[in-house]
Amino acid sequence: MSASASSVGTAILTRDAEKGHRTRLLLAWLLALAVVLVIAGYGFDYYTLSAAQRPFSPKHELLRPSGTIGMKLGMLGVLMFFLIYLYPLRKKWGWLGRQGNSRHWLDFHVVLGTAAPLIIAFHSSFKFGNIAGMAFWSMLMVTLSGFVGRYLYSHIPRGLSAAELSMKEIQEKEEALRKELAEQKATFGFSVDALAELPSPAEVARTPLIASLLSMFVLDLKRPFRASLLRLRQAGFGPWVFSCFGLFATRNQKLERAILLTQKQASLSQSIAFLSRTQQIFSLWHVIHRPFSYAFAILAILHIGIALFMGYRL
């Protein structure tokens with residue numbers, strides 16, 4: 001009895017932690033979006049001027065790279081990138097690695113990696129020349145490759161501790177979902193095949209790595225639209241329209257529960273089918289992501305050092 005109560009308590013704490021994380025993550029995205037929109041709105045008439053016209057703008061002293069606001073934006077961008085590097089460092093520093101969940105850290109790593117290039121672009125007033133330009137383009141490659149990495153990370157099934165699951169554990173998880181889905185299938189008469197048309201293991205093995213990545217992306221892209229067709233067929237035209245053409249949940253809780261379970265099972269089956277390819281691509285991804293990351297750090301330090309030493313007034 002006590003073991004059962006302990007399991008229930010752990011499950012509740014886990015749900016609360018995930019809910020808190022989602023709330024904090026949403027706030028982080030909203031804050032980043034607000035900062036970018038405020039800067040863009042205030043500086044729009046300046047940033048759209050040509051290089052020859054900008055010195056005559058009343059905002060030039062504020063928004064140029066060495067201006068009052070421009071310099072602060074540069075400092076903010078550098079601070080954000082230092083925070084970004086905490087994510088890889090936590091794997092090397094034991095005390096930092098014990099703080100929080102790896103997946104949660106990665107989510108905020110993505111937020112910072114998305115917002116920082118925009119802040120740096122505003123700092124440079126969209127002039128990307130010399131070492132600063134090289135640093136910016138390296139930073140942009142880090143960001144773009146980071147999105148790919150986050151996508152691949154989400155397709156490697158993990159446990160609550162964010163540790164990678166073994167194939168046996170993944171298959172057991174899939175089997176549990178299949179059993180839970182059996183009753184829903186009997187009620188509504190549709191199966192996981194309605195939401196996923198997966199290639200065979202032999203086809204996946206023959207597919208080149210980049211083609212495998214594109215195939216996974218296309219399957220994920222199709223799934224919400226397949227769910228929309230299911231809602232139309234099962235709930236009818238009216239509820240389908242009011243649920244934004246089936247892209248959001250209807251009020252039919254049993255139907256939505258069945259679709260949710262079906263989507264989870266389809267996603268897990270896809271992860272199993274592509275697991276070996278995903279792990280291969282993820283390993284290669286590190287070969288691309290890390291050099292750009294290190295290059296940006298070196299170039300950014302050089303840019304800051306030269307700017308301080310030479311006393312540039314741009």
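User: In what order do the elements of the protein chain run from the N terminus on?

Analyst: Helices and strands here are DSSP runs (H or I, at least four residues, for helices; E, at least two, for strands), numbered from the N terminus. The order in this chain is α-α-α-α-α-α-α-α-α-α-α-α. That is 12 helices and 0 strands. This is a predicted model, where local features need pLDDT of at least 70 and side-chain atom pairs count only at pLDDT 80 or more, while totals for chains, interfaces and linings use all residues. Residues are numbered from 1 along each chain as its sequence is written, and side-chain values use heavy atoms, with hydrogens and water left out.

User: What share of the protein chain counts as buried?

Analyst: Buried means under 20% relative accessible area, exposed over 50%, and partly exposed in between (1.4 Å probe, protein chains only). Of the 314 residues, 38% are buried.

User: Which residues touch the most other members of the largest nonpolar core?

Analyst: A nonpolar core is a set of buried Ala, Val, Leu, Ile, Met, Phe, Trp, Tyr and Cys residues joined through side-chain atoms within 4.5 Å. The largest core has 26 residues, and Ile39, Tyr47, Leu73, Phe81, Phe122, Met139 and Phe296 touch the most other members. At least two core residues come from each of helix 1 (2-47), helix 3 (68-84), helix 6 (102-123), helix 7 (130-154) and helix 12 (253-310). Another core lies apart from it, with 16 residues, including Tyr87 and Trp285.

User: Which residues does Phe296 touch?

Analyst: Contact means heavy atoms within 4.5 Å. Leaving out residues up to four places away in sequence, Phe296 touches Phe81, Tyr85, Ala135, Ser138 and Met139.

User: How many cavities of 30 Å³ or more does a search of the whole structure find?

Analyst: On a 1 Å grid over the protein atoms alone, a cavity is a set of points where a 1.4 Å probe fits but cannot get out; a pocket is an open set with protein on both sides within 12 Å along at least five of seven lines; lining residues have an atom within 4 Å of a point. The search finds 1 cavity. Phe81, His109 and His289 are among its lining residues.

User: Which residues lie nearest the centre of the second largest pocket?

Analyst: They are His123, Ala132, His303, Ile304 and Ala307, out of 33 lining residues. This pocket holds about 960 Å³ of space. Helix 12 gives the largest share of the lining, 9 residues.

Key
Points joined across faces, edges and corners; volume = space filled by probe spheres on them.
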